[in-house]
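This briefing is meant for someone meeting the structure for the first time. It begins with two annotated positions and then widens to the fold and a few local details.

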Amino acid sequence: MPGESAVRIGLLLPDLLGTYGDCGNAEILQRRLQWRGFPAAVIPITVDDEVADSLDLYVIGGGEDSAQSLAADFLARQPGFARAVGRGAPLLAVCAGLQVLGREFTTGHGRVRTGIGVLDLVTAPARDRAVGEIRTRPVPSLLTEALTGFENHQGHTTLGPAAQPLGRVEHGTGNGDGFDGAVQGRVVGTYLHGPALARNPELADLLLSWAVGTPLRPLEVPGLAELRRQRLSRPRRRR
Ligand SMILES: NC(=O)CC[C@H](N)C(=O)O
């Protein structure tokens with residue numbers, strides 16, 4: 001049953017990382033809780049703020065290389081963020097967010113940066129930019145339904161043994177090796193913009209069930225089945 005106090009969703013760095021609607025992931029999480037009767041609040045955490053370790057889940061989005069480097073600097077000096085991830089708070093990271101949370105990333109200008117290291121992965125620029133619709137089949141036992149999104153990135157990502165991919169790519173590029181994203185504990189990374197949680201409600205509810213500690217009742221959202229049917233049936237790509 002919904003508790004008294006609001007579920008608090010930390011929206012990390014909306015001022016730096018939030019391309020292609022990624023900030024909408026926080027709103028989707030909030031709405032899916034509220035529609036089920038849970039009070040829920042989105043807490044934006046800008047570059048001028050400190051990351052509180054006490055929030056129930058966190059999301060971070062994608063962005064350009066310069067914003068990504070600033071985000072890496074910011075998160076590296078946030079003990080609250082490290083504590084939150086260390087205690088197993090759910091965290092969704094999209095594209096640049098995924099890259100920053102890895103062990104290392106190389107910018108498009110060839111600058112090698114140390115990442116936050118909560119995902120066992122490294123990222124380096126590929127020759128061609130991946131732009132367009134992406135569709136994947138979930139790999140871990142956590143999800144069953146196909147995942148859909150929009151990708152726009154130069155980086156290709158290689159996972160280490162501690163991380164498993166989120167999906168196997170059916171259309172698009174993802175990590176660049178036939179898979180997309182990474183799952184390590186309750187940290188989920190993906191190249192899917194969209195926002196990803198609007199297009200993939202099963203992933204939204206997985207994160208929410210981790211946050212509230214109980215499975216959530218199914219939800220009918222008008223138009224969502226049609227949105228998924230359209231997005232999954234005809235992914236279009238620019239080459
Ligand atoms: N859309 C993004 O977040 C881009 C991430 C990164 N700057 C890259 O191009 O790989």
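In this predicted model, Cys95 sits in the loop that runs between strand 4 (91-94) and helix 4 (96-101). Cys95 is also one of the two positions, the other being His193, at which UniProt, in an unreviewed entry, places the feature "active site". Although these positions span 99 residues in sequence, no two of their C-alpha atoms are more than 7.6 Å apart, so they gather at one spot.

**The annotated position Cys95**

- Cys95 is buried, because 30 other C-beta atoms lie within 10 Å, where 20 or more are needed for that label.
- The backbone of Cys95 has a phi near 55 degrees, which is a positive value in a residue other than glycine.

**The annotated position His193**

- His193 is placed in the loop between strand 12 (187-190) and helix 5 (196-199).
- His193 is buried, with 24 other C-beta atoms within 10 Å.
- Not counting residues up to four places away in sequence, His193 touches Thr19, Tyr20, Gly21 and Asp22, together with Gly62, Val94, Cys95, Gly149, Phe150 and Glu151.

**The overall fold**

- The protein contains seven helices and 12 strands.
- Its radius of gyration is 17 Å, close to the 18 Å that the globule rule gives for 239 residues, so the protein is as compact as a globular protein of that length.
- Taken along the principal axes, the box filled by the C-alpha atoms of the protein is roughly 50 × 45 × 30 Å.
- Of the 239 residues in the protein, 46% are buried.

**Helix 1 and the residues around Pro195**

- Ile28 belongs to helix 1, which covers residues 24-34, and Ile28 is buried, with 25 other C-beta atoms within 10 Å.
- Beyond residues up to four places away in sequence, Ile28 touches Pro195, Leu197, Ala198 and Ala204.
- Ile28 and Arg199 are 171 residues apart in sequence, while their C-alpha atoms are 9.9 Å apart in space.
- Pro195, one of the residues that Ile28 touches, lies in the loop between strand 12 and helix 5, and that loop is also where His193 is placed.
- The peptide bond leading from Gly194 to Pro195 is cis, with omega near 0 degrees.

**A further backbone detail at Leu13**

- Leu13 is found in the loop between strand 1 (7-12) and helix 1.
- Phi of Leu13 is near 55 degrees, a positive value in a residue other than glycine, and a phi near 55 degrees is also given for Cys95.
- Leu13 is buried, with 27 other C-beta atoms within 10 Å.

Definitions and conventions:
Residues are numbered from 1 along each chain as its sequence is written. This is a predicted model: local features need pLDDT of at least 70, side-chain atom pairs count only at pLDDT 80 or more; totals for chains, interfaces and linings use all residues. UniProt positions are given in the numbering used here, feature names are shortened, and annotations may be inferred rather than shown by experiment. Helices (H or I, at least four residues) and strands (E, at least two) are DSSP runs, numbered from the N terminus. A residue is buried if 20 or more other C-beta atoms lie within 10 Å of its own, exposed if 12 or fewer, and partly exposed in between; C-beta atoms are placed from the backbone. Two residues are in contact if their C-beta atoms, placed from the backbone, lie within 7 Å. The radius of gyration is taken over C-alpha atoms; the globule rule is 2.2 Å times the number of residues to the power 0.38.
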